[in-house]
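Walk through this fold with me, one element at a time. Keep the sequence and the model side by side.

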Amino acid sequence: MTVGILTDTTASIPDSLVIDLGIQLVPYYVHRGLDTLRDMVDVQPEPFADYLKTAGQLPTTSNPSVGDYLNGFKRLAEHTKAIVALTMTSKGSGAYQACRAAVDILKDRMPQVQVEVIDTLKVAMSQGWAAIEAARAALNGVSFSGVIDTAKQVAHRTTMIQTADTLRYLHMGGRIGRAQHLVGSLLSIKPLIGMEDGVIVALGAARTRPKAYARMVELMGQCVGEGARIKVAFTHVAALEKLEQLRELVLPRFECVEVLTSSLSPALGVHSGPGTVGVSFYPI
């Protein structure tokens, strides 16, 4: 591979693709009491979701450090002299700034290595799709500038729609964004959220999960057009059975040329909570 790809664990890319595509992952951190856990290393999605269900105090999260990114770059630099790094939205995390700071240090120590840092302005598999397609382009021998263009284009085109039983976790974690007004909704309401310009926004609400899923499919159609050719990733937090209900609605409505399923990483699960189900998709 002529170009190395680096991103962080909040991209929630399926493990098999991370391995097959040679993507370098830098872990976020989950702080639980006195313990500091590396996302997707020391803590995994399913057991962490079980813990969240009964947790009296919500854990906190933090982005990778400058040193974490620097170490990731050094590992990739053993095999390539060109690296594309993709971070989650800079409006919800300090990852982009930490990554840029690591690049400045790398330039002094390894000036022969080129690094492009992309603020995807996205999260979860919307960020993940950009990393996946960039890695595929790199494996196909696409130039450094071509890989950068691929990553930017996919990041721009992806859309995330998500629903959960409650916004409690997002609110308590301080990641509620412009969906703040939904916090006071009745407990029976299923909020729908998305991301615009790097910030969480409200897309509406529904009385039941089936109605929430139906509305999600409607929103997908409005975004890409009915029957559009798309790549879609279904994401969840300990809600695989509920996710299957959404899949059954989505797959017949669109020409899904690639379908992925993944658990949100614990660093995202902290803020979205158990029972969360979402889609990240883009037209092709």
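The model is predicted.

Start with helix H3, residues 66–77. H3 has 12 residues, and at 1.5 Å a residue they should span 16 Å. The end C-alpha atoms are 16 Å apart, so the span agrees with expectation. Which residues of H3 are buried? They are Asp68, Tyr69, Leu70, Gly72, Phe73, Leu76 and Ala77. Part of this pattern can be read from helix geometry. An α-helix has 3.6 residues a turn, so residues three or four places apart point the same way.

What covers the buried residues of H3? The cover includes strands S1 (4–8), S2 (24–26), S3 (29–32), S6 (82–87) and S7 (114–119). Helix H4 (95–109) is also part of the cover.

Look at H3 against H4 in detail. Two packed helices are described by the angle between their axes and the distance between the axes. The axes of H3 and H4 come within 8 Å and cross at roughly 55°. The crossing is right-handed. On the H3 side, the residues that meet H4 are Val66, Tyr69, Leu70, Phe73 and Lys74. Their partners in H4 include Ala95, Ala98, Cys99, Ala101 and Ala102. Val103, Ile105, Leu106 and Arg109 are also among the H4 residues that meet H3.

Move on to helix H5, residues 124–139. Its 16 residues should span 22 Å at 1.5 Å a residue. The end C-alpha atoms are 23 Å apart, which agrees. In H5, 14 of the 16 residues are buried, so the helix is largely enclosed by the rest of the structure. Just after H5, Gly141 takes a positive phi of about 85°.

Helix H6 covers residues 144–157. How do the axes of H5 and H6 cross? They come within 8 Å and cross at roughly 155°. H5 and H6 are therefore roughly antiparallel to each other, since the angle is over 145 degrees. H5 passes H6 in a right-handed crossing. From H5, Trp129, Ala130, Glu133, Ala134, Ala137 and Ala138 take part. From H6, the partners are Val147, Thr150, Ala151, Val154 and Ala155.

A further helix pair is H8 (residues 209–224) and H9 (residues 240–250). Their axes come within 10 Å and cross at roughly 40°. H8 and H9 are therefore oblique to each other. H8 passes H9 in a right-handed crossing. Arg209, Tyr213, Ala214, Met216, Val217 and Met220 in H8 meet Lys242, Gln245, Leu246, Leu249 and Val250 in H9.

Now the loops. Ser12 sits between S1 and helix H1 (15–21). Its phi is near 55°, a positive value in a residue other than glycine. Is Ser12 buried or exposed? Ser12 is buried, with a relative accessible area of 5%. Met40 lies in the loop between strand S4 (35–38) and helix H2 (45–54). Met40 also has a positive phi, near 65°, and is not a glycine. At 25% relative accessibility, Met40 counts as partly exposed.

Ser263 is found in S12, residues 255–263. Beyond its neighbours within four places in sequence, Ser263 is in contact with Ser12, Pro45, Glu46 and His236. The side chains of Ser263 and His236 make a polar contact at 3.4 Å. Ser263 is partly exposed, with a relative accessible area of 24%.

Finish with Lys231 in strand S11, residues 229–236. At 15% relative accessibility, Lys231 counts as buried, because the cut-off is 20%. What does its side chain pair with? The Lys231 side chain makes a polar contact of 3.2 Å with the side chain of Glu258. Leaving aside neighbours within four places in sequence, the contacts of Lys231 include Trp129, Glu133 and Arg136. Val257, Ser280, Phe281, Tyr282 and Ile284 are also among them. Trp129 and Glu133 are H5 residues that meet H6, and both are in contact with Lys231.

Notes. Residues are numbered from 1 along each chain as its sequence is written. This is a predicted model: local features need pLDDT of at least 70, side-chain atom pairs count only at pLDDT 80 or more; totals for chains, interfaces and linings use all residues. Side-chain values use heavy atoms; hydrogens and water are left out. Helices (H or I, at least four residues) and strands (E, at least two) are DSSP runs, numbered from the N terminus. Buried means under 20% relative accessible area, exposed over 50%, partly exposed in between (1.4 Å probe, protein chains only). A polar contact is a pair of N or O atoms within 3.5 Å; within protein, one must be able to donate a hydrogen and the other to accept it, and residues adjacent in sequence count only if both atoms are side-chain atoms. Contact means heavy atoms within 4.5 Å. The expected span of a helix is 1.5 Å times one less than its number of residues. Axes are lines fitted to C-alpha atoms, for helices over the stretch in contact, and angles run from 0 to 180 degrees between N-to-C directions. Angles under 35 degrees count as roughly parallel, over 145 as roughly antiparallel, 65 to 115 as roughly perpendicular and the rest as oblique. A crossing is left-handed if the near helix is turned anticlockwise from the far one by less than a right angle, and right-handed if clockwise.
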